[in-house]
Amino acid sequence: MDVVILNGGMKQWKDALFARSIGPYKIAHWLRKHNISCQVIDFVTGMSHEQLYQVLEHFISDTTKVLAISTTFLCNSWYEHSDGTQQRIPQHVLECVKILKKRYAGLKVILGGYGSDGLPNWGVVDATIMTYTAASEDIFLEFIHYLNDYGPEPYGSVKYVLKNGERVVYTAARNPRYSIEEDDFNFSEQDCILPGESLPLDISRGCIFACKFCQFTHLGKSKFDYVRGMQKIQQELLSNYAKWGTTNYFILDDTFNDSPWKVESFYEMIQELPFKIKFAAYIRADLLHRFPDTAVQLKTSGLCGAFHGLETLHPDSSQLIGKGWSGKHARDFIPELYHNIWQGSVAQNLSFIVGLPNDTRDSLQSTIDWYSQNNLHCLQINPLFLVGKNDILHSIQSEFDRNAEKYGYVFLDKQNVPGGVSWSNGEWTSENSTVFATELLSQISTKNKLTMWLALGLEGFGYEHALLFSTPSNKLPWVDFRQQTRVKYQEYWQMLMDIK
C-alpha cells in the first residue's frame, strides 16, 4: 500500500459513537483516482495495541511511502500515558507509529486535519499538511508525487514545533486540480462500510459567515461557491444504498442552509431517489426564520437533527459576535420551530458559549431556564476557547484571538486549556467559564436528550428512532450501547484484515 491513513473518533465518545469523519476518505478517493493505493484505518481508538499493530502490518510494507494521522478528532483530547504524561494522541497509536517508523526507514509520517500544526512531533513526524487552508486533496497528491520524484514539492515552510524538533508544514499545492463542484466521491469496498451504517456526506466547503469567535478558515465565502453538483451527490447516495443499504447521513457543511437555492436543489434531488433518507446537519436558525419555506423543505428532505449555533441569547453579546438574531428572535422562534413547524420530529442541538463579552451568570442562567421551560431537545454549552494572536503553533486565529484587547480579553501567562491559552475579560476567565458551563449542564442532566450525532450513529445499529430521539440521555441503555459499539469495532477490524 502506498499510503495508510489512521483515523478515529473523539475520546469521550469512543465507546458509544460509531461515526466516521470524511477527510481521510476524501484523500483516499483522490489518491486512488490518480493511481496511488491508499487504505484508511478508522476507529483506532476502539482497537487494542495488538489489533492496531496487526492491521498496520497487514497494509504497510517496504514500498509504503506515507503513514498519515488524521488529527481532527483523534487528537483533540488528552490521553494518559503509562509514563504519567498527558499526550494529545492515544498511547497505543503513538507506540505503533514509532515501531513502524523505526522498522521502515523510508516511511514518512505526516499529520493532517484541524489543529495539526499545533501538535508536537512526538519524535516521529516529518511533515504536516494544512488541510484547512486549501484543498488537502491537491497538497497530498503533490506530496506523494514529490516523494516519487514526479513533481515539485508543495508550497510550505520549515516550522519549529515545541521542543521536539522541526517539520515542514505544507500550506498549498503548486498546481491545484481538485474541484468540489466536480467531486465524484464514493466510498469504496476497501473502506469497509458496515451494513446500514450512518455515513458522512460532504456537500460544500466554507462558511458564508465570519463569527468573531470562530477559528475555522474559508469564512465569508459566497453563498454559491464550493458546492458539489447535486447529480454527483445523488450518485453517491444511490451507490451507498445499493452497496450497504445506507439511508442515514451526517451532512458536514459548516452551514447547510446557507442559501434557499441550495436547500431547494437538495430537496428536488432527494425527491428523485427511490428511497427515503434521514440526515443531521449544521443549520442556521436565523436563515430558517428569514426563509420559512426552507424549514419545510429540509424536513421533507429527511432532516431529523439540526445543530443550531445560537451561542448567546444576550442582545448585546449576540450583536457583538455577529449573531444579533439570536439575541432578538431565538427565544420565540426556536420553540415555535421545534414544537410547531417541525412538530417535534427534528432534534435540535442548541449550542451556547460561556465567556462572551457582556454575557453574565444571570443571562446564562436565564438561557437554561428558557430551555427547560420550553421543553426543548438538547442544549450544549462550552467555555470560550482562545489560542492567542502570538501563538506560533496555530496558523489560524479568530477575530477574538487577533484583536483580543478590542473585545476586553487579556491573555494570561499560565496555560491550563488543552491546546489554548488562559484568558480573562473581567467577568469571565478560562477557568471560571469552564466551571460554570459544567454547573449549568448539571441543571438539565435529566432533561437533555442525545446529540443528533450520537442518535443517528446508534440508529445505524438498529436501535429504534423513537428511543434515541425522545428519551433523556440519563435513561438510555448505555451499557448496551457500548457493548454494541465494541461489536461493530470488531466487525470493522475483521473486514480490514480480510482485505487481500
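pLDDT is the predictor's confidence in each residue, on a scale from 0 to 100. The chain you are looking at has a mean pLDDT of 88, and 89% of its residues reach 70 or more. Within the chain, confidence is highest in strand β2 (residues 38-41), at 98, and lowest in helix α13 (residues 399-402), at a mean of 74. Where pLDDT is low, the predicted coordinates should not be read in detail.

This is a predicted model, in which local features need pLDDT of at least 70 and side-chain atom pairs count only at pLDDT 80 or more, while totals for chains, interfaces and linings use all residues. Residues are numbered from 1 along each chain as its sequence is written, and side-chain values use heavy atoms, with hydrogens and water left out.

**The open sheet**

- Helices (H or I, at least four residues) and strands (E, at least two) are DSSP runs, numbered from the N terminus.
- Six strands form an open sheet in the order β10-β11-β12-β13-β14-β15, with parallel pairing; two strands pair if DSSP finds at least two bridges between them.
- At the edges are β10 (199-201) and β15 (378-383), each of which pairs on one side only.
- Ignoring direction, neighbouring strands of this sheet are turned by 20° against each other on average. Axes here are lines fitted to C-alpha atoms, for helices over the stretch in contact, and angles run from 0 to 180 degrees between N-to-C directions.
- β10 runs parallel to strand β11 (residues 248-251) and is joined to it by three bridges. Leu201 stands opposite Ile251 in β11.

**Helices on the sheet**

- Helix α12 (residues 361-373) packs on the sheet, where it touches β14 (347-354) and β15, and its direction makes about 170° with that of β14. Contact means heavy atoms within 4.5 Å.
- Helix α15 (residues 452-459) lies across β11, β12 (278-282), β13 (303-311) and β14, and runs at about 160° to β12.

**α11 with α12**

- The axes of helix α11 (residues 324-341) and α12 come within 12 Å and cross at roughly 20°. The two helices are therefore roughly parallel to each other, a label for angles under 35 degrees, with over 145 counting as roughly antiparallel, 65 to 115 as roughly perpendicular and the rest as oblique.
- α11 passes α12 in a right-handed crossing. A crossing is right-handed if the near helix is turned clockwise from the far one by less than a right angle, and left-handed if anticlockwise.
- Ala330, Arg331, Ile334 and Pro335 of α11 make the contact with Ser363, Ser366, Thr367 and Trp370 of α12.

**α2 and its two partners**

- With helix α17 (residues 478-497), helix α2 (residues 49-59) has axes that come within 10 Å and cross at roughly 25°. α2 and α17 are therefore roughly parallel to each other, and their crossing is left-handed.
- On the α2 side, this contact is made by Gln51, Gln54, Val55, His58 and Phe59, and on the α17 side by Gln490, Trp493, Leu496 and Met497.
- With helix α4 (residues 91-103), the axes of α2 come within 9 Å and cross at roughly 35°, in a right-handed crossing.
- Here His49, Leu52, Tyr53, Leu56 and Glu57 in α2 meet His92, Val93, Glu95, Cys96, Ile99, Leu100 and Arg103 in α4.
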